[in-house]
Amino acid sequence: MKNYVLIVEDDNDINHMLCELLGSRGYYTVSAFSGTEALLYIEKEVPRAVILDLMLPGMTGEELLSRIKARNVDIAVIVTSAKDAVHTRVELLRAGADDYLVKPFDTEELLARLEVALRKKGQGSARDERLVYKDIVMNLEEFKITVAGQEIILTRREYLILELFIRNPGKVFTKNNIYESVWNEEYLGEDNAVNVHISNIRQKLARVKGDETYIQTVWGIGFKMR
């Protein structure tokens, strides 16, 4: 599976957060809470990347890294740890880690580093496949969108607006943000194009799921994915 990422983290909250984050960006994730469990998953199906915590019960993250790389050097491994000493990072990178992030880390930085690590391995990124939010699936290769399994047709700009929202769930975008991102022009304030396009997106989504509000208006500010 092209975008399969194994998350090895014994903190349940962090593990769950990473699964939701990567899932919202089109990755398929599996959770492991120990090194032994991680190896069992790897035996079943080789992931494209592993996000690896060092402080694990039983087998250490360092030992797991060594065993992963001994099995398949093409698996991208991003280590996450509260250990911030330079010598620790250097040792892990020399041992085969593709990147190292000190906790607490910024989630956008993690996503960017994951994409870079996958590109270096020649495996592409989530953008080559699809984005998923609730029951909306955007196939980025085929420019195709389905809602609850039913295809809907969007214009190019409607598609780009929805992609912007799905890539940043919960983030509030002003009309200025949306216009400059999608139209690549300066927003002058009087253009009603953003409102019209969002209204069209809402109508098309509602034809499939009339009981679901996907795009929420944040009064006086802008819009966000609900």
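Mentor: In this predicted model, Arg157, Leu160, Ile161, Leu164 and Phe165 of α6 meet Ile178, Ser181 and Val182 of α7; contact means heavy atoms within 4.5 Å. By class, the residues of this contact comprise 6 nonpolar, 1 polar and 1 charged. Here Ala, Val, Leu, Ile, Met, Phe, Trp, Tyr, Cys and Pro count as nonpolar, Asp, Glu, Lys and Arg as charged, and the others, Gly among them, as polar.

Two packed helices are described by the angle between their axes and the distance between the axes. Helix α6 covers residues 156–167 and helix α7 covers residues 175–182; they pack at an angle of about 120°, and their axes are 10 Å apart. The axes are lines fitted to C-alpha atoms, for helices over the stretch in contact, with angles running from 0 to 180 degrees between N-to-C directions. Helix α6 is therefore oblique to α7. Angles under 35 degrees count as roughly parallel, over 145 as roughly antiparallel, 65 to 115 as roughly perpendicular and the rest as oblique. The crossing of α6 and α7 is right-handed: a crossing is left-handed if the near helix is turned anticlockwise from the far one by less than a right angle, and right-handed if clockwise.

Residues are numbered from 1 along each chain as its sequence is written, and side-chain values use heavy atoms, with hydrogens and water left out. Because the model is predicted, local features need pLDDT of at least 70 and side-chain atom pairs count only at pLDDT 80 or more, whereas totals for chains, interfaces and linings use all residues.

Helix α1 and helix α5 (residues 107–120) pack at an angle of about 60°, with 11 Å between their axes. This makes α1 oblique to α5, and their crossing is right-handed. Met17, Leu18, Leu21 and Leu22 in α1 meet Thr107, Leu110, Leu111 and Leu114 in α5. The residues of that contact divide into 7 nonpolar, 1 polar and no charged.

The aromatic rings come next. The structure holds 4 aromatic pairs; rings of Phe, Tyr and Trp (its six-membered ring) pair if their centres lie within 6.5 Å, and planes under 30 degrees apart count as stacked, over 60 as edge-to-face and the rest as tilted. One of these pairs is formed by Tyr4 and Tyr28, which are tilted, with 5.6 Å centre to centre and 55° between the planes. Tyr4 lies in strand β1 (residues 4–8) and Tyr28 in strand β2 (residues 28–32), so the pair ties together parts 24 residues apart in sequence. Tyr4 is buried, because its relative accessibility is 2%, while Tyr28 counts as partly exposed at 39%. Buried means under 20% relative accessible area, exposed over 50%, and partly exposed in between, with a 1.4 Å probe and protein chains only. Another pair, Tyr179 and Trp183, is stacked: 4.8 Å centre to centre, with 5° between the planes. Both Tyr179 and Trp183 are buried.

The backbone also has particular points. Most residues other than glycine have a negative phi, and most peptide bonds are trans. Lys103 and Pro104, however, are joined by a cis peptide bond, with omega about -10°, and Pro104 is found in the loop between β5 (99–102) and α5. Lys134, in the loop between β6 (130–133) and β7 (136–139), has a positive phi near 55° and is partly exposed at 44% relative accessible area. Ala148 likewise has a positive phi, of about 50°. Ala148 lies in the loop between β8 (144–147) and β9 (150–152) and, at 49% relative accessibility, counts as partly exposed.

Finally, the whole chain. The protein chain has 8 helices and 11 strands; helices (H or I, at least four residues) and strands (E, at least two) are DSSP runs, numbered from the N terminus. The C-alpha trace spans about 60 × 35 × 30 Å along its principal axes. Of the 226 residues in the chain, 45% are buried. Among contacts with a separation of 6 or more, 57% are between residues 24 or more positions apart.
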